[in-house]
Amino acid sequence: MFRTAYVNGRYLRAAESAVHIEDRGYQFADGVYEVAAIVGGVLVDSAPHFARLARSLKELDIAWPVSRRALVHIITEVVRRNVIDYGMVYLQITRGVAPRDHAYPKGIRPALVVTAKRLAPQQPELIERGVSVITLPDIRWQRCDIKSVSLLPNVMGKQSAKDAGAYEAWQISADGSVTEGTSTNAWIVDRSGAVVTHPADHAILGGITRESVLKVARAEGIKVAERRFTLKEVFAAREAFLTSTTAAVLPVVSVDGRMIGDGRPGPVTLRLRERYLATLDRQVRTAKGRGS
Ligand code: PDD
């Protein structure tokens, strides 16, 4: 079976689809994207993903290429045509095609691409043993809250992690705080038992999983703090973990080669992971009309 992609109004064989050489996404990284999960064939957390997409577009003054309703239809169709039960949807909107000139051109249509792929279930050992991360200076710009396709520092950071045999690189800002991973949000459980993550300001991407995990933690009666934290606090933390749409909640057991807590996935992390996955499960049941 070949993969199908939606490209500017048409469903095409992914391997044969193409965009224009003067697409501003290609020339300037002038575009935004979303990654959402498909669980049991259902697009989960669609409302917050659309809200974040709307915000990213607004911040860059890019129009919606199609209505939100049409976009839902396109995503559903791409998921259906690719026969995805568990996987992800990738959606990219760029400002469109125009002769190269830095300023925003007037009157062009934004370009829309939607792809989807199956994902293998997460390897159990990642959860049972936890993952390691390295740290790097955060060399990104000051609008990391926009989910822009301009990801070169993230790409370089992830490669450094891979070269070091680590799962992720946590980025450290000039003031010494841990901002986030290259494609995940960063968390610790501090000495008081509070779950701590960087505030959702311009220094990080406000993760959808991050929001859900904050909600789950509050519902569980766990103290939460959206505040800056340093590497020193990471080393002193009881637990550490990371979150993203594709990783869900993953325990972090070592940072820069130093063990966190007792070097094993912590109880708070595992509880949050379980409760978070249960919220996805409920969404899938509701969408399929089986109630909760
Ligand atoms: N990454 N921080 C960054 C820089 C990210 O790119 C992502 C998402 C996250 C987590 O956000 P969410 O919980 O909404 O997935 C945090 C996606 C998955 C990606 O680029 O593939």
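Start by selecting E180 and the ligand: an N or O atom in the E180 side chain sits 2.6 Å from a ligand nitrogen atom, a polar contact in the sense of a pair of N or O atoms within 3.5 Å. You are looking at a predicted model, where local features need pLDDT of at least 70, side-chain atom pairs count only at pLDDT 80 or more, and totals for chains, interfaces and linings use all residues. Residues are numbered from 1 along each chain as its sequence is written, and side-chain values use heavy atoms, with hydrogens and water left out.

Then show the backbone of I208: one of its N or O atoms is 2.8 Å from an oxygen atom of the ligand. How much of the ligand does the protein bury? Of the 480 Å² that the ligand exposes when taken alone, 90% is buried by the protein (Shrake-Rupley areas, 1.4 Å probe).

Finally, zoom out to the whole chain. The cartoon has eight helices and 15 strands, taken as DSSP runs (H or I, at least four residues, for helices; E, at least two, for strands). The C-alpha trace spans about 55 × 50 × 30 Å along its principal axes.

Notes. Polar contact = N/O pair within 3.5 Å; in protein donor to acceptor, adjacent residues only side chain to side chain.
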